[in-house]
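Dear colleague,

I am handing over the structure below, and after it you will find a short account of what was found. Please read the account with the structure open beside you.

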Amino acid sequence: MIGIIDYGMGNLHSVCSALKRIEQPYILSGNPEELYETDGLLLPGVGSFKDAMNELKETGLIDFIKKETENGKPLIGICLGMQLLFEESTENGLTKGLGLLPGRVDRFSGVTAEGKAYKVPHMGWNNLHFLQEDQPLLKGLDEGYVYFVHSFVVQTDDRNVLAAAAQYEDVEVPAVVGRDHIMGTQFHPEKSSETGMGMLKNFCRFVEEGKQR
Amino acid sequence: MLTKRIIPCLDVKEGRVVKGIQFLNLVDAGDPVELARFYDKAGADELVFLDISASHEGRDTMVEVVERVAAELAIPFTVGGGINKLEDMKRVLRAGADKVSVNTAAILRPELISEGSDYFGAQCIVVAIDAKYDEELGSWRVYTHGGRKPTQWEVTEWAQEAVKRGAGEILLTSMDKDGEKSGFNLALTKAVSEAVTVPVIASGGAGNADHFYDAFTEGKADAGLAASIFHYKDTSIGELKSELQKLGVSVR
């Protein structure tokens, strides 16, 4: 059973229908007691980093997520949900994140080092380069195209948490990140056709395997 | 590398997909859910649904169709037509759409763009612009109400205003070219694409792969949208993409 964390941010319909399509049982809840009963957590999110952290704080979900992941419960963050896993973001003023992974979140500069202007958001289908093929989300998958929509991007000095990247202009975009049972995708797997659906299936399988351990 | 997107557009009237030649003669071309499934499998990068009856008659967009499409589709889709207020955006996005597009309502009340953008984020808000060349203006004039009413806006000025207010993407239709299958309006597309910092979807006039190639290179578009050439199977998306790839355009 997957618990989709509902904290009032963004469109949860597409994640729900994606899990339905792969016949994965889930609950959608903002209540820590209900989410506690699940085997893995999915943190979605569309909107601003600051609003999201405020919502998570008000609902008591920050402490819950930290405690559950400390106890080894698998967690996947999607899009903004992935960015929230990191230490801080400069979106609408410096805001602390969940701090589960090392790194910070900054806006795309919109200009390359050579001074060429490029479009922000990074929107559309971009191909992945796998940096860690054995990362649980990537198992058995080929480097395919996935759908991105984001204006902010993770920067980290710790290459160990980068499982896959995409190149946008002169920026290496962390696309799949993770350490142990905590992972995330900058793109929307539920909107990324077969490659994305494959990663959701991999996460569900990882959760199932964790239950048996 | 970020690819250029190919986006079939499904103009929907009373739950059926139609496509008019220059916004007029409507021909029935199929069921929206059926077509969505078909295009997803065929390799479409996104889909756009425009409820063309809604902006004329103030009719509500068909939420039920959106829900059915959302349950089937593993690619993003945009819904437009009849989005007049924040409540309309909420209804469509909660039914499962990834983006909403606003056209006439945004011209009449530009605050609508910022309201939507503040609430859902810019990535959810597409501003659709219908433009037609105007001798007097020496540029392209923006039209509303399905291309029937001229406005005071010059197209690049309106596009910049829309982005300033929080549009995440511009869907730009050339009324001069729409339905002609003679190629996108490259000068118009280039002018708008260079004027804004967000992606621009070229629309109106697609007839073959060369037209898309021109829109992506000379026109500087980020995506190309078409309806009739896909619906009537003049060109399949697979064929179009392999042609583009041969021409050196990066596609999925």
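Between them, chain A and chain B bury about 2300 Å², of which 53% lies on carbon and sulfur atoms. In chain A, the residues that lose the most area to chain B are Lys119(A), Met123(A) and Trp125(A), which together account for 32% of what that side buries. Please keep in mind that this is a predicted model.

The contact draws 24 residues from chain A and 36 residues from chain B. Across the interface the rule finds 17 residue pairs in polar contact, both residues being at pLDDT 80 or more, and it also finds 2 salt bridges. Lys119(A) forms a salt bridge with Asp222(B), with the closest N and O atoms 3.2 Å apart.

On the side of chain A that touches chain B, at least two residues each are supplied by helix H1 (13–21), strand S8 (122–127), strand S10 (145–150), strand S12 (162–168) and helix H6 (193–212). The largest share, 6 residues, comes from S8(A). By class, this side of chain A has 10 nonpolar, 10 polar and 4 charged residues.

Within chain B, the axes of helix H7 (residues 155–164) and helix H8 (residues 186–195) come within 9 Å and cross at roughly 35 degrees, and the crossing is right-handed. Here Val155(B), Thr156(B), Ala159(B) and Gln160(B) in H7(B) meet Leu188(B), Ala191(B), Val192(B) and Ala195(B) in H8(B), a contact that has 6 nonpolar, 2 polar and no charged residues.

With best wishes

Conventions
Residues numbered from 1 in each chain as written. Chains lettered and ligands numbered in written order. Predicted model: local features only at pLDDT ≥ 70, side-chain atom pairs only at ≥ 80, totals over all residues. Heavy atoms only, no water. Axes fitted to C-alpha atoms, helices over the stretch in contact; angles between N-to-C directions. Helix = DSSP H or I, 4+ residues; strand = E, 2+ residues; numbered from the N terminus. Left-handed = near helix turned anticlockwise from the far one by under 90°. Contact = heavy atoms within 4.5 Å. Nonpolar A, V, L, I, M, F, W, Y, C, P; charged D, E, K, R; others polar. Buried area = accessible area lost by both parts, 1.4 Å probe. Salt bridge = Lys/Arg side-chain N within 4 Å of Asp/Glu carboxyl O. Polar contact = N/O pair within 3.5 Å; in protein donor to acceptor, adjacent residues only side chain to side chain.
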